[in-house]
Amino acid sequence: MTKAEEEFQAKIDRDIKIEPKDWMPDAYRKTLVRQISQHAHSEIVGMLPEGNWITRAPSLRRKVALLAKVQDEAGHGLYLYSAVETLGTDREQTIDDMHSGKAKYSSIFNYPTLSWADMGAVGWLVDGAAIVNQVALQRTSYGPYSRAMVKICKEESFHQRQGYELLIHMCNGTKEQKEMAQDALNRFWWPSLMMFGPSDTDSPNTAQSMAWRVKRYTNDDLRQQFVDITVPQAEFLGLTIPDPDLKMNEETGHYEFGEINWEEFFNVVNGNGPCNRERIAARSNAKKNGSWVIDAANAYAEKQRMKKKVA
Amino acid sequence: MANENWPLWEVFIRSRQGLNHKHVGSLRAADQEMAIENARDVYTRRSEGVSIWVVLSANVHASNPSDKGPMFDPAEDKVYRHPTFYDIPDEIGHM
Ligand SMILES: [Fe+2]
Ligand SMILES: [Fe+2]
């Protein structure tokens with residue numbers, strides 16, 4: 001290790017945050033760019049499966065909640081893109097890297113939202129899993145990322161609550177409604193567990209990320225936390241988690257759960273999930289079709305500046 | 001597409017009357033009006049603010065982190081700038 005690297009690691013070990021202009025190893029910067037941009041893309045792509053249902057929300061109460069949630073996710077994307085930018089990257093390049101497939105986003109958003117109950121399952125499980133991950137990341141070592149997480153966590157709680165409340169209503173509704181809720185859980189349970197990423201034995205970057213305190217817990221630790229929190233919530237709804245191996249281990253106080261289908265996980269990550277193509281197409285078309293707005297606003301701003309000069 | 005990127009703005013928010021503006025983040029916008037409107041939408045959706053400042057990031061000049069020592073260490077051994085440095089008898093009470 002060079003002297004600069006030693007000083008850097010000593011700062012990390014004392015839990016001193018790293019700020020944009022501080023010296024940092026190239027590999028640390030690269031890891032952050034990859035992780036934060038992936039996180040930003042997930043917020044933005046995550047708007048699509050829910051945006052899909054806004055016009056069909058069954059009541060005004062549900063509609064304003066869903067609208068507000070999706071708007072929050074756009075904000076989360078922005079905080080995170082800003083954080084990536086502090087690392088010296090170009091924002092538009094970062095976005096283009098997602099469109100070209102070079103950068104990834106959370107695989108969960110490559111699953112379709114087929115019924116209104118999915119809006120409940122997404123809020124409860126997908127935002128629930130995101131919260132577990134993001135609460136841990138509030139203590140990440142890079143200042144701008146950590147501050148973005150603090151702000152995001154404050155906003156995230158209502159996302160999960162509105163989803164869970166919606167499911168309580170459906171589970172207390174007609175038989176068909178309860179079946180819809182169960183069906184949503186069946187489809188979203190395993191992909192939600194996959195949100196925490198590959199298992200620790202299969203995650204070669206974890207050790208370094210932990211040493212740099214970019215990550216504070218391993219994927220498997222966070223996944224376990226999520227299962228322990230979520231199982232009793234499913235029981236309260238009267239729904240069955242689609243895992244015959246799920247059982248409480250009285251000794252450890254943790255739930256044991258079945259093997260995750262990693263083949264499916266890597267398949268979806270590598271672009272072959274049910275909606276990968278659709279999601280990327282939606283995002284890159286949005287950029288293409290919206291690019292005139294950028295130019296028009298620039299032209300308008302320039303005109304205003306000229307007017308002021310004359311006056 | 002060869003869009004010219006909107007410039008980056010730093011956003012400062014006064015959360016309550018009587019408090020100072022505090023840096024909350026940044027965003028991109030074509031001009032100051034748009035920057036303030038976007039800051040309203042992004043940073044004050046839950047009544048977090050009563051006033052917004054936006055400053056072009058390019059206009060922010062910062063001290064150099066590697067000068068941290070020479071810049072800030074000199075203040076550390078000047079204990080006589082703090083009230084606890086001075087001995088005042090107890091019978092005087094709070095001063
Ligand atoms: Fe979010
Ligand atoms: Fe969310």
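**Figure 1. Aromatic pairs in the predicted model.** Across all chains, this predicted model holds 13 aromatic pairs. Let's start with F8(A) and W23(A): their ring centres are 6.2 Å apart and their planes meet at 85 degrees, so this pair is edge-to-face. The two residues come from distant parts of the chain, 15 residues apart. F8(A) belongs to helix α1 (residues 3-13) of chain A, while W23(A) sits in the loop between α1 and α2 (26-45) of that chain. Their surroundings are worth a look too. F8(A) counts as buried, at 3% relative accessibility, whereas W23(A), at 46%, counts as partly exposed.

**Figure 2. An edge-to-face pair formed by F265(A) and F266(A).** Here the ring centres lie 5.0 Å apart, and the planes are at 75 degrees, so this pair is edge-to-face. F265(A) has a relative accessibility of 7% and counts as buried. For F266(A) the value is 34%, so this residue counts as partly exposed.

**Figure 3. A cluster of rings and a charge over a ring in chain A.** Ring pairs join F8(A), W23(A), Y28(A) and W212(A) into a cluster. Another aromatic residue to look for is W53(A), which has R56(A) lying over its face. The distance from R56(A) to the ring centre of W53(A) is 4.0 Å.

**Figure 4. The iron ions and their donors in chain A.** Which residues hold the iron ion (ligand 1)? Its protein donors are E43(A) and E73(A), each through OE, and H76(A) through ND1, at 2.1 to 2.2 Å. Along the sequence, these donor residues follow the spacing E-x29-E-x2-H. The site brings together distant parts of the chain: E43(A) is in helix α2 of chain A, and H76(A), 33 residues apart from it, is in helix α4 (residues 60-85). Both E43(A) and H76(A) are buried.

**Figure 5. Cysteines in chain A.** How many disulfides does a search of the whole structure find? The count over all chains is 0. Two cysteines are picked out here. C153(A) counts as buried at 15% relative accessibility, and C171(A) is buried as well, with a relative accessible area of 9%.

**Figure 6. The open sheet of chain B.** Three strands make up this sheet, in the order β2-β1-β3, and their pairing is antiparallel. β2 (22-28) and β3 (51-56) of chain B stand at the edges with a single partner strand each, so one side of each has no neighbour in the sheet. On average, neighbouring strands are turned by 30 degrees against each other, ignoring direction. Of the 7 residues in β1(B), 5 are buried, so this strand is largely enclosed by the rest of the structure.

**Figure 7. Bridges on either side of β1(B).** Strand β1 (residues 8-14) of chain B runs antiparallel to β2(B), and 6 bridges join them. To trace this pairing, find W9(B), whose bridge partner in β2(B) is L27(B). Then move to F12(B), which has H23(B) as its bridge partner in β2(B). β1(B) also pairs with β3(B) in the antiparallel sense, over 6 bridges. There, E10(B) has V55(B) of β3(B) as its bridge partner.

Conventions: Residues numbered from 1 in each chain as written. Chains lettered and ligands numbered in written order. Predicted model: local features only at pLDDT ≥ 70, side-chain atom pairs only at ≥ 80, totals over all residues. Heavy atoms only, no water. Pairing = 2+ DSSP bridges. Helix = DSSP H or I, 4+ residues; strand = E, 2+ residues; numbered from the N terminus. Axes fitted to C-alpha atoms, helices over the stretch in contact; angles between N-to-C directions. Phe/Tyr/Trp six-rings, centres within 6.5 Å; stacked < 30°, edge-to-face > 60°. Buried < 20%, exposed > 50% of the residue type's maximum accessible area, 1.4 Å probe, protein only. Lys NZ or Arg CZ within 6 Å of the ring centre and 35° of its normal. Disulfide = S-S within 2.5 Å. Donors = N, O, S within 2.8 Å, 3.2 Å for Na, K, Ca; no water.
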